[in-house]
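I opened the notebook to go through the sheets, the helices packed on them, and the charged pairs. The entries follow in the order in which I looked things up.

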Amino acid sequence: MYHILVVDDESRIRSILRKYAEFEGHQVTEAGDGMEAVLLCRSNTYDLIVMDIMMPELDGFSACREIRKVTQTPIIMLSARGEEYDRINGFEVGIDDYVTKPFSPKELMLRIDAIMKRVKHPQTLHAEKTQPNLVIELDGGGLRADVTARLVFIDGERIEMSPKEYDLFFYLLKNRNIALSREKLLCEVWGYDFFGDARTLDTHIKLLRKSLGKYSHYIVTLRGVGYRFEGT
């Protein structure tokens, strides 16, 4: 059972989500705006947060920034808009998933389960602690990734990525020169199965390329298939 914080200024949406979540055996706490959500997160612990973007007092993006100062609780953002800008902005402030309204409550429950499985049983993206750190270098060391320590350096300077960017980058690195379908990446990195949203992956690829700067060319788009990280 998970304790879910549902944040939306529409009582109808909160009621629907509560109904489905409680049917699955989860506990639900409601908040009517971003300010209330931030205050709740400062004094309580939740397993996952489902939050709308457009709300009075404090919008979802601003609320997420404040919540991330006190907790890394997974956040699923809800939005009536599907613009890429909103997706990119959301992932940059630290959300874990993005769902566009109107949405299927059943699908949202599946996404919640996928995220919580990943949180409780994180991928083993590194070697055993008794072994030396797994370090991968490309371009004569210009691009250096310490997979074990989750550190990335470009020309000797450490760069910061979102948690999901790190996961995606390290998975691509460890499977470089292999064609990876969108479905495979969503399943392995996000934990999604058939209901995975390819736009989530494409947005993260765009963010990852931005983070890699002049080394972004290593990520090759395979039209109609997915992506491949090219490097030796």
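Which strands does helix α1 lie across, and at about what angle does α1 run to β2? I found that α1 (residues 11-23) lies across β1 (3-7), β2, β3 and β4, and that α1 runs at about 170° to β2. For the angle I used axes that are lines fitted to C-alpha atoms, for helices over the stretch in contact, with angles from 0 to 180 degrees between N-to-C directions. Helices (H or I, at least four residues) and strands (E, at least two) are DSSP runs, numbered from the N terminus.

Before going on I noted the basis: this is a predicted model, in which local features need pLDDT of at least 70 and side-chain atom pairs count only at pLDDT 80 or more, while totals for chains, interfaces and linings use all residues. Residues are numbered from 1 along each chain as its sequence is written, and side-chain values use heavy atoms, with hydrogens and water left out.

**Entry: the parallel sheet.** I looked up the strand order and found an open sheet of 5 strands, β2-β1-β3-β4-β5, with parallel pairing; two strands pair if DSSP finds at least two bridges between them. At its edges are β2 (27-31) and β5 (97-100), each of which pairs on one side only. From one strand to the next the twist averages 20°. Within this sheet, β3 (residues 48-52) and β4 (residues 75-79) are joined in the parallel sense over 4 bridges, and I49 has I75 in β4 as its bridge partner.

**Entry: the antiparallel sheet.** I then turned to an open sheet of 3 strands, ordered β10-β12-β11, with antiparallel pairing. Because β10 (180-181) and β11 (219-222) stand at the edges with a single partner strand each, one side of each is left without a neighbour in the sheet. Between β11 and β12 (residues 226-229) I noted 4 bridges in the antiparallel sense, with L222 opposite G226 in β12. Helix α8 (residues 198-212) packs on this sheet and touches β11 and β12 (contact means heavy atoms within 4.5 Å), and the direction of α8 makes about 150° with that of β11.

**Entry: helix α4.** How enclosed is α4 by the rest of the structure? I found α4 largely enclosed, because 7 of its 10 residues are buried, where buried means under 20% relative accessible area, exposed over 50%, and partly exposed in between (1.4 Å probe, protein chains only). The buried residues are D86, R87, I88, N89, G90, F91 and V93, and their cover includes α3, β4, β5 and α8. After α4 comes G94, which has a positive phi near 110°.

**Entry: salt bridges.** I counted 21 salt bridges, taking one as a side-chain nitrogen of Lys or Arg within 4 Å of a carboxyl oxygen of Asp or Glu. E10, partly exposed at 33% relative accessibility, forms a salt bridge with R12, their closest N and O atoms being 3.8 Å apart; R12 is exposed at 52%. K101 also forms a salt bridge with E10, again with the closest N and O atoms 3.8 Å apart. This second pair links K101, in the loop between β5 and α5 (105-120), to E10, in the loop between β1 and α1, 91 residues apart, and K101 is buried at 15%.

I also looked up R68 and D96, whose side chains meet in a salt bridge (3.3 Å, N to O). R68 lies in the loop between α3 (60-67) and β4 and D96 in the loop between α4 (84-93) and β5, so the pair ties together parts 28 residues apart in sequence; both residues are buried. Salt bridges with shared partners join D8, E10, R12, D52 and K101 into one network.
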